[in-house]
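Biologist: Please walk me through this model feature by feature. Give me the general idea each time, then the case at hand.

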Amino acid sequence: MKLNQTPVTQHTFEGFTFFLKRDDQLHPHFSGNKARKLMALLEVEDPSVTHLIGYGSPQANSLLSLAALADMKGWQLEFYVDRIPAWLKETPIGNYRAALNLGAKVLAVSDLASKPMHPSEYIHLHRSGEGCLVVPEGGRTPIAEKGVAGLAQEILTWVEEAQQSNLIVALPSGTGTTALFLHKHLKPHGIEVVTCACVGGTDYLIEQFKELGETDFPTVLQPETKHHFGKLYPQDYQVWQSLLEQTGVEFDLLYDPLMWRCLENWRPQNRGKSLLYIHQGGIIGNESMLPRYRRKFGG
């Protein structure tokens, strides 16, 4: 099973022209960075595998990508979370709703275990046996390299065809897996990868890089002020709205605004370079994020 190459489009934001790698168009459900990281699993041909096992948040982008992957492969997805809020059970929305529609089972460990434990611990004890294929949270695993290497090759092909030079590739990071492997495969060709830490700060991100066994890392841009993952910031909302208005493209509300805020400070020192931004999908998550922003800030 093979997915199509994604297009590169050109846009202008705040008077700055940039290119956009539309990985959000990889597949209706199996798209963005999670799909790239899980791409190798599409090629798994093991009849003994019947269940795909994952864990994380009930609104995680990885939940939807895993559900889509399981649907394609004919596997049952079991996705373990700490708990599922009552309101979300009553009114499914976003990635949770879309994953349920694809047949996923989202299971709260707080309802299953006799004592408090992390979903990964529960999986290790109860769901890591025969027939189960376990994927770490967020796809932070060496198997992610193959799919990200494919993305890097698509970028290199585009660079050659479009005759681009002095190119910098930008994308925000959670675990940093995509940025790290992109850096590994693009640096030998003279292409710099820049990212920012959306979860846990720069020190946390560097530790994530190290845990994947690499020693050479992408450039990490720093926000002007401390940024807490999942917290609502008026600056993020404003950047997201401006991007939509000026480019006609909907971006992810959780990760992309912080990256673009970091790029605002990066641009003045890099005027002679071309920017290729990776759209990593995740916009179904806006179904839950956007109402939160509108309740707090209007618009």
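Modeller: Start with burial, where a residue is buried under 20% relative accessible area, exposed over 50% and partly exposed in between, using a 1.4 Å probe and protein chains only. Ser 242, with a relative accessible area of 14%, is therefore buried. This is a predicted model, in which local features need pLDDT of at least 70 and side-chain atom pairs count only at pLDDT 80 or more, while totals for chains, interfaces and linings use all residues. Residues are numbered from 1 along each chain as its sequence is written, and side-chain values use heavy atoms, with hydrogens and water left out.

Biologist: Where is the place of Ser 242, and what does Ser 242 touch?

Modeller: Helices (H or I, at least four residues) and strands (E, at least two) are DSSP runs, numbered from the N terminus. Ser 242 sits in helix α10, residues 234-247. Contact means heavy atoms within 4.5 Å. Leaving out residues up to four places away in sequence, Ser 242 touches Phe 13 and Glu 14. Glu 14 takes a positive phi near 50° in the hairpin of β1 and β2, which has 2 residues between the strands.

Biologist: How many bridges join strand β1 to strand β2?

Modeller: Two strands pair if DSSP finds at least two bridges between them. Strands β1 (residues 8-13) and β2 (residues 16-22) run antiparallel and are joined by 6 bridges. Thr 12 has Thr 17 in β2 as its bridge partner.

Biologist: What order do the strands of the open sheet have?

Modeller: The order of its 4 strands is β5-β4-β3-β6, with parallel pairing. β5 (105-108) and β6 (132-134) are the edge strands, each pairing on one side only. For angles, axes are lines fitted to C-alpha atoms, for helices over the stretch in contact, and the values run from 0 to 180 degrees between N-to-C directions. On average, neighbouring strands of this sheet are turned by 25° against each other, direction ignored. Helix α2 (residues 61-73) lies across β3, β4 (76-81) and β5, and runs at about 160° to β4.

Biologist: Why is β3 described as largely enclosed?

Modeller: Because 4 of the 5 residues of β3 are buried, the rest of the structure largely encloses this strand. β3 runs parallel to β4, joined by 5 bridges, and Ile 53 has Glu 78 in β4 as its bridge partner.

Biologist: How many disulfides does the count come to?

Modeller: A disulfide is a pair of cysteine sulfur atoms within 2.5 Å. The count is 0 disulfides. The sulfur of Cys 196 has its closest cysteine sulfur in Cys 198, at 4.0 Å, which is too far for a bond. Cys 196 counts as buried because its relative accessibility is 0%. Cys 132 is also buried, at 16% relative accessibility.
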